[in-house]
Amino acid sequence: MSNNESHWRWLWHVRWPQRIRFCGEVETVSHVLRGCLEALAIWVRLVKRDELDEFLSMELQQWFVLNLSDASHFSNEVTDWDTRFAIICWCLWGRRIRDFFTRSLRK
């Protein structure tokens with residue numbers, strides 16, 4: 001097993017907190033990355049219209065793997081889909097964490 005494969009294997013077995021409260025509802029990782037309005041606004045512009053339902057409803061691990069390995073499946077004519085996808089996910093998650101801690105500090 002390569003070093004890269006061992007990192008991915010570790011990632012899929014990490015026990016992440018599954019729910020946080022932020023948007024006035026119980027959120028999941030899937031909600032932050034796909035379901036909230038700020039995420040949807042991004043994906044609607046980049047994902048093929050006829051693939052959007054599948055993109056938004058896939059099991060999360062499969063969603064990551066497919067988007068990082070097959071640019072043609074969902075991409076709406078984006079040549080560097082895997083990189084773009086990863087950066088968008090990272091930015092969405094980072095923004096939510098910043099907003100969460102900023103809000104917590106104000107209380």
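At 37% relative accessibility, Arg-84 counts as partly exposed, a class that lies between buried (under 20% relative accessible area) and exposed (over 50%), as computed with a 1.4 Å probe on protein chains only. Its partner Asp-80, with a relative accessible area of 32%, is partly exposed as well, and the two residues form a salt bridge in which the closest N and O atoms are 3.3 Å apart. The term salt bridge here stands for a side-chain nitrogen of Lys or Arg within 4 Å of a carboxyl oxygen of Asp or Glu. The model is predicted, so that local features need pLDDT of at least 70 and side-chain atom pairs count only at pLDDT 80 or more, whereas totals for chains, interfaces and linings use all residues. Residues are numbered from 1 along each chain as its sequence is written, and side-chain values use heavy atoms, with hydrogens and water left out.

By this rule the structure has 3 salt bridges. One of them joins the side chains of Arg-95 and Glu-38, at 3.0 Å from N to O; because Arg-95 lies in helix α7 (residues 81-106) and Glu-38 in helix α3 (residues 37-46), this pair ties together parts that are 57 residues apart in sequence. Helices are DSSP runs of H or I with at least four residues, strands are runs of E with at least two, and both are numbered from the N terminus. Glu-38 also forms a salt bridge with Arg-96, where the closest N and O atoms are 3.7 Å apart, and this pair again links distant parts of the chain, with Glu-38 in helix α3 and Arg-96 in helix α7, 58 residues apart. Arg-96 is buried, with a relative accessible area of 4%, whereas Arg-95 is partly exposed at 42% and Glu-38 is partly exposed at 22%.

What does the side chain of Arg-34 reach at 3.3 Å? It reaches the backbone oxygen of Phe-55, and a polar contact of 2.7 Å joins the side chains of Arg-34 and Ser-30. A polar contact is a pair of N or O atoms within 3.5 Å; within protein, one must be able to donate a hydrogen and the other to accept it, and residues adjacent in sequence count only if both atoms are side-chain atoms. Arg-34 also lies over the face of Trp-63, at 4.8 Å from the ring centre, where the criterion is that NZ of Lys or CZ of Arg is within 6 Å of the ring centre and within 35 degrees of the ring normal.

Trp-63 leads on to helix α5 (residues 60-69), whose buried residues are Trp-63, Phe-64, Leu-66 and Asn-67. At the start of α5, a side-chain oxygen of Glu-59 comes to within 3.1 Å of the backbone nitrogen of Gln-61.

Ring pairs link Trp-43, Phe-55, Trp-63, Phe-64, Phe-74, Trp-81 and Phe-85 into a cluster. Rings of Phe, Tyr and Trp (its six-membered ring) pair if their centres lie within 6.5 Å, and planes under 30 degrees apart count as stacked, over 60 as edge-to-face and the rest as tilted. The whole structure holds 10 aromatic pairs; in one of them, the rings of Phe-55 and Phe-74 have centres 5.1 Å apart and planes at 75 degrees, so the pair is edge-to-face.
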